[in-house]
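Hi everyone, thanks for coming. I'd like to walk you through one structure today, starting with some ring contacts and ending with a pocket.

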Amino acid sequence: MTLIVRRRAFASVAAAALVAGAAAGFGLTEPAMPAYAQALPKTPIEAPEHPPGSFANVVDKVKPGVVAVKVKLDSGLDDDDDGPGNPNLQQVPPQLREFFKRFGQGGGQGGPGGRGMLPRGGAGSGFIISADGYVVTNNHVVDKAKTVQVTLDDGRTLDAKVIGKDPKTDIALLKINESGSYPYVQFGKGAPRVGDWVVAIGNPFGLGGTVTAGIVSARGRDIGAGPYDDFLQIDAPINKGNSGGPTFNVNGEVVGVNTAIASPSGGSVGLAFAIPAETVQTVVDQLRTDGKVVRGYLGVQVQPVTKDIAEGLGLDKAKGALVDHAESGTPAAKAGLKPGDVIESVNGAPVNDARDLSRRIAGLKPGTEVKLAYLRGGKSDVATVELGTLPGDGEVTSRGDYAPGGQTRLGLSLAPAGEIGLGDEGVAVMDVDPDGPAAAKGIAQGDVILDVAGTSVSKPSDVQAQIRAAEANGRKAVLMRVKSAKGRTRFVAVALGNKAD
């Protein structure tokens, strides 16, 4: 079957051709074909293959490897999100809590406002990945569990133990206590494409063994759940109790682990998120071997290269990870990386943005030697770095408020940081004009400007001089490295107007 597209446009082109032919007989010039007509397909577009008429063969193949997971918490109460009361936000794992808050979830089914993100936790789902009974599920399903049981497709309920958990990716690995040979499923060897058919099997609302189908709606979703978000978005109906359950492709291979949904009511509205199989495999391999996950560590603070920042750096495209700060003594610092460097690739693989860099480095083991291609001052270079071990998150302290002073053209009131007790380097932001260009970029009172256009600054006149220099060089924005009141450094590109200093 062929699919005829833009029939009206084709008819117009044909009519134009007839008119042109007739006109030629009278010695007239044939009109040029319109640009839109030139872009039309020269042949009809072939329709894609039809979807499978039934998923029954796939389901028969994989359903025995899917289990229901039931936990009992340390409090002695069943953490069952299939019951009448859903867990409130205090029971939501920290890495998912902010995502739920964004949708107004205040506890219960949808919260008082009727809008919310509901964690797929408590009585959840899982799948067996080896004949000796290893089971994958979500960390938030078994977190703080006193006991864990799995119910197989044949109806048996067996005790299991937690081998290891990884909160940052929300993956946990279990092991069935009773020895035996269990049916198991396998991970897919390639990533699914947007539009591919998928089948989800799990334990929604405690019903067990439920099958739903849909497609992959999007890839690479960042939902604010954790530092390594790279979710598949699927529209196969996912409901309470599906957490930790598998999403299969039409070949019966696991392509994702269901972990969260967006919903105004608590039920599926076609917005579900699954952890990609490639991420799950990496985590599970470490949990099975070591009981924990260790990640590579570079030791830099990075941010995306936005269009404004690319303009400020004189780059042709907004791509890569911009180094805000290289921590002293870290692998990055030892390799010579500096603020303002733009990391373009890791071992030859292009880096799209800061989160992409974080995922790539975290996916490598400590001690791995990597080659980082980067830009510095418009010139390309390569650094060889031996990765360290990712440490725990550090604490930061906040600073107080400061008295305002005269403002610069960017809408900032500035003072030397050393004169007001904010460190030995940089220029402190004393006050911010809420309508100024700096405020529009998030610069706030208590921030410290460390350098402007790649040059260190120590007094307000240094800032103004670099702004004038950037404008003289034809830049539309000036790039500043700013340390926030909480200690985080970042690059900010502030647009330049026509107003003189």
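Let's begin at Y134. The charged end of K175 sits over the ring of Y134, at 5.6 Å from the ring centre. R288 does this as well: its charged end is over the ring of Y134, 4.2 Å from the centre. Before I go on, please keep in mind that this is a predicted model.

Now to rings that meet other rings. A pair of aromatic rings is described by the distance of the centres and the angle of the planes. How many aromatic pairs does the count come to? The count comes to three, and I'll show you two of them.

Take F55 and W197. Their ring centres are 5.6 Å apart and the planes make an angle of 55 degrees, so this pair is tilted. Where do the two residues lie? F55 is in the loop between β2 (45-46) and α3 (56-62), while W197 belongs to strand β11, residues 197-202, so the contact ties together parts 142 residues apart in sequence. As for accessibility, F55 has a relative value of 18% and counts as buried, because the cut-off for that is under 20%. W197, at 33% relative accessible area, is partly exposed.

Next come F231 and F273. Here the ring centres are 6.4 Å apart with the planes at 70 degrees; the cut-off for edge-to-face is over 60, so that is what we call this pair. F231 sits in strand β13 (residues 231-234) and F273 in strand β16 (residues 272-276), so parts 42 residues apart in sequence are tied together. Are these two buried or exposed? Both F231 and F273 are buried.

Let's finish with the empty space. Rolling a probe the size of a water molecule over the atoms shows where empty space is left. I'd like you to look at the second largest pocket, which has a volume of about 540 Å³. It is lined by 27 residues, and the closest to its centre are L313, G340, G377, A453 and G454.

Which elements supply the lining of this pocket? At least two residues each come from α7 (307-313), β22 (369-376), β28 (455-456), α11 (460-472) and β29 (477-483). β29 gives the most, with four residues. Looking at domains, domain 2 (296-389) and domain 3 (412-495) each contribute at least three residues to the lining.

How values were computed: Residues are numbered from 1 along each chain as its sequence is written. This is a predicted model: local features need pLDDT of at least 70, side-chain atom pairs count only at pLDDT 80 or more; totals for chains, interfaces and linings use all residues. Side-chain values use heavy atoms; hydrogens and water are left out. On a 1 Å grid over the protein atoms alone, a cavity is a set of points where a 1.4 Å probe fits but cannot get out, and a pocket is an open set with protein on both sides within 12 Å along at least five of seven lines; lining residues have an atom within 4 Å of a point. Grid points are joined across faces, edges and corners, and a volume is the space filled by probe spheres set on the points. Domain bounds come from an automatic or database domain assignment. Rings of Phe, Tyr and Trp (its six-membered ring) pair if their centres lie within 6.5 Å; planes under 30 degrees apart count as stacked, over 60 as edge-to-face and the rest as tilted. Buried means under 20% relative accessible area, exposed over 50%, partly exposed in between (1.4 Å probe, protein chains only). A charge sits over a ring if NZ of Lys or CZ of Arg is within 6 Å of the ring centre and within 35 degrees of the ring normal.
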